[in-house]
Amino acid sequence: MFTGLIQATGAVAETYTQGGTLRLVIDPQGYAPASGRPVQTGDSIAIDGTCLTVVSLDQGRWAFDAVPETLDRTTLGHLAPGDPVHLEPALAAGEPLGGHLVQGHVDGVGHVAQPATEANHWRLGIEAPPPQGANHLADYLLPKGSVTVAGVSLTIASKDPDNPARFDIALIPETLTRTKLGGLQPGDPVNLEVDLFAKAVVDTTQRYLEAQSHGSAKPEVTAQTLRDAGFLS
């Protein structure tokens, strides 16, 4: 588990493919773990919000392997040498939970719809990916709820009433300083992980509504239906 609080921004040093698996070599640059414990082989590190395992260490660089399933669901396959990446070690028992519980299991790749600029009060607009199967990531994006964008724990500031897939997040100066979010441009892909508890609530409500409808058309989960079910005030 992770918290979505970025420890450092490293850089891609090297990438190459072997047997369909991507070997990703990261230069951690100024990474200094709060625990003081150095990174070891076998450790879990979130790279832009994707949980990966350190497979080797060489001259201060960390190597990871990303399998095709990971490449299909994340932005890792698009990384090139020199690209910045967010780094966060797995949460240790007893450490403060300052963000929200993050699994490091990316739900989908969204795209920047509006870059964060001072003119729009440093709001970053994101568009969630299209639906895959019965569910849409937009179903789990609740106003004032949590979402992880490129590994960063953030709060959904608002949603577009005309486009449920579009949402905005507000960035404070500290986030702009410690992450790469302020430099994202329209169209840039970003890993998205919806809030674990939001997913549980929405899925539970969906099953409840389907049971009540007795096989009729699938009902829509909205903020109002969540309120009616007692999940929102």
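Ala-46 has Glu-88, in strand S6, as its bridge partner. The model is predicted: local features need pLDDT of at least 70, side-chain atom pairs count only at pLDDT 80 or more, and totals for chains, interfaces and linings use all residues. Residues are numbered from 1 along each chain as its sequence is written, and side-chain values use heavy atoms, with hydrogens and water left out. The protein has four helices and twelve strands (DSSP runs numbered from the N terminus, helices being H or I of at least four residues and strands E of at least two).

**Strand pairing** (two strands pair if DSSP finds at least two bridges between them)

- Strand S3 (residues 44–47) runs antiparallel to S6, and three bridges join them.
- S6 (residues 84–89) is also joined by four bridges to strand S1 (residues 8–18), again antiparallel.

**Barrel**

- Six strands, in the order S7-S8-S11-S10-S9-S12, close into a barrel with antiparallel pairing.
- From one strand to the next the twist averages 50° (axes are lines fitted to C-alpha atoms, for helices over the stretch in contact, with angles from 0 to 180 degrees between N-to-C directions).
- Strands S10 (residues 152–160) and S11 (residues 163–170) run antiparallel and are joined by four bridges.
- Ser-158 stands opposite Asp-168 in S11.

- The volume of the largest pocket is about 690 Å³ (the space filled by probe spheres set on the points, which are joined across faces, edges and corners).
- Its lining holds 33 residues, and Thr-3, Leu-5, Ile-6, Gln-7 and Glu-88 lie nearest the centre.
- S3, S6, S10 and H2 each supply at least two lining residues.
- S10 gives the largest share of the lining, four residues.

**Gln-185**

- Gln-185 is in the loop between helix H2 (173–178) and strand S12 (189–194).
- The relative accessible area of Gln-185 is 44%, so this residue is partly exposed (buried is under 20%, exposed over 50%, partly exposed in between, with a 1.4 Å probe and protein chains only).
- His-111 and Gln-185 are 74 residues apart in sequence and 9.2 Å apart in space, C-alpha to C-alpha.

**Whole protein**

- Of the 233 residues, 42% are buried.

Methods
1 Å grid on protein atoms, 1.4 Å probe; cavity = no way out; pocket = protein on both sides within 12 Å on 5 of 7 lines; lining within 4 Å.
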